[in-house]
Amino acid sequence: MLDERSRTLLKALVEHYIADGLPVGSRALAKFSGLDLSPATIRNVMADLEEAGFVISPHTSAGRVPTARGYRLFVDSLLTVQPLETHQMGAIEEALQGLPANQVIASASQLLSSLTHFAGVVIAPRRKSSRIRQIEFLSLSERRILLIIVTVDGDVQNRILSTERPYSPSELTHAANYLTQNYAGLEFEQIRQRLTSEIQQLRDDIKPLMALALEAGDAALAENAMPYVISGERNLLDVEELSSNMKRLRELFDLFEQRSSLMRLLDVSNRAEGVQIFIGGESGIASLDECSVVTAPYAVDGQVVGSVGVIGPTRMAYERVIPIVDITARLLASALSSKEDI
């Protein structure tokens with residue numbers, strides 16, 4: 001536990017660093033903390049904070065910057081959140097009203113991005129389960145097969161299967177015909193349940209292929225059933241801490257394209273109450289190690305159906321971003337609760 005003096009100095013350091021992005025020295029802290037302490041005393045406190053892992057000295061600088069642990073303490077117990085002004089809330093509400101559900105989702109994502117100047121993301125309400133019209137297998141190489149799922153609505157989902165042995169064209173045709181003839185018109189969850197119980201009756205040579213198809217098809221349709229909209233990724237190119245590391249920036253943009261890892265992180269928000277903040281490595285996703293993700297769930301007619309979030313650097317103005325995410329989630333819920341097309 002930190003004493004009040006250490007907490008006050010840490011709060012001042014984090015706020016000052018967020019404001020200008022430069023390591024904070026003892027003279028600046030003496031000026032901005034409001035404490036009547038000598039620079040020598042402040043240096044001693046900073047040394048203790050560094051030893052405890054709350055701050056770090058970058059390179060040979062005399063100043064210090066907060067670590068992920070320092071940001072966490074700041075966010076959890078030192079932060080003073082700034083409520084949105086009435087006109088800002090009104091602008092968000094106006095932008096989300098009178099639009100079809102899919103446009104409301106896109107508008108919310110764009111609002112989060114424009115208000116924070118980071119990337120805004122919204123997980124849309126889960127779609128109703130799709131019914132299957134046709135399933136096909138296409139050989140790509142000796143042990144790689146393309147699974148093609150066509151739904152009654154005309155959606156097409158593809159997944160690549162890696163098999164333990166090669167399959168002949170006739171085996172692939174037999175497996176595809178079996179699935180299409182026996183399960184067309186059913187939801188994939190129904191297919192999965194029935195095939196799981198009937199798989200023992202199948203020929204031994206295609207059982208592994210069917211098991212792979214079940215797992216991959218389930219994942220493909222689950223992602224399609226809970227899509228997300230992301231806006232403002234290019235804003236992150238203007239963030240010095242991120243743009244200075246092009247390898248990490250490419251990994252971050254790959255994450256946005258692959259979606260599945262980010263969706264799992266955002267899905268955690270659906271099971272939580274209120275705003276959730278993942279700082280650096282807390283997300284469990286390597287490409288987000290230098291980022292923070294601020295999320296909040298939203299409900300339609302009393303049931304949580306998705307979440308909204310902002311992705312930016314760890315050096316973000318949390319006191320501004322948190323209420324923006326919170327209010328957007330609440331107003332998005334209100335806008336969607338009157339819709340019949342979600």
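A cavity here is a set of grid points where a 1.4 Å probe fits but cannot get out. In this predicted model, the count comes to two cavities of 30 Å³ or more.

The largest cavity holds about 50 Å³ of space. Its lining is made up of Ile-135, Leu-147, Leu-179, Phe-188, Ile-191, Leu-195, Met-210, Ala-213 and Leu-214. Helix 8 (188-198) and helix 9 (207-225) are the elements that give two or more residues to that lining. Sorted by class, the lining has nine nonpolar residues, no polar and no charged.

## The second cavity

Next comes the second largest cavity, with a volume of about 30 Å³. Around it sit Glu-241, Leu-242, Arg-248, Leu-249, Leu-252, Ser-287, Glu-290 and Cys-291.

Helix 10 (240-243) and helix 11 (246-258) each supply at least two of the lining residues. Helix 11 has the largest share, with three.

## The sheet and its helix

Three of them form an open, antiparallel sheet in the order 4-5-6. Strand 4 (132-141) and strand 6 (156-162) are at the edges with a single partner strand each, so one side of each has no neighbour in the sheet. On average, neighbouring strands are turned by 20 degrees against each other, direction ignored.

Strand 4 and strand 5 (residues 144-151) pair over eight bridges, and Leu-138 stands opposite Leu-146 in strand 5. Helix 7 (residues 169-183) packs on the sheet and touches strand 4 and strand 5. The direction of helix 7 makes about 170 degrees with that of strand 4.

Technical notes
Residues are numbered from 1 along each chain as its sequence is written. This is a predicted model: local features need pLDDT of at least 70, side-chain atom pairs count only at pLDDT 80 or more; totals for chains, interfaces and linings use all residues. Side-chain values use heavy atoms; hydrogens and water are left out. Two strands pair if DSSP finds at least two bridges between them. Helices (H or I, at least four residues) and strands (E, at least two) are DSSP runs, numbered from the N terminus. Axes are lines fitted to C-alpha atoms, for helices over the stretch in contact, and angles run from 0 to 180 degrees between N-to-C directions. Contact means heavy atoms within 4.5 Å. On a 1 Å grid over the protein atoms alone, a cavity is a set of points where a 1.4 Å probe fits but cannot get out, and a pocket is an open set with protein on both sides within 12 Å along at least five of seven lines; lining residues have an atom within 4 Å of a point. Grid points are joined across faces, edges and corners, and a volume is the space filled by probe spheres set on the points. Ala, Val, Leu, Ile, Met, Phe, Trp, Tyr, Cys and Pro count as nonpolar, Asp, Glu, Lys and Arg as charged, and the others, Gly among them, as polar.
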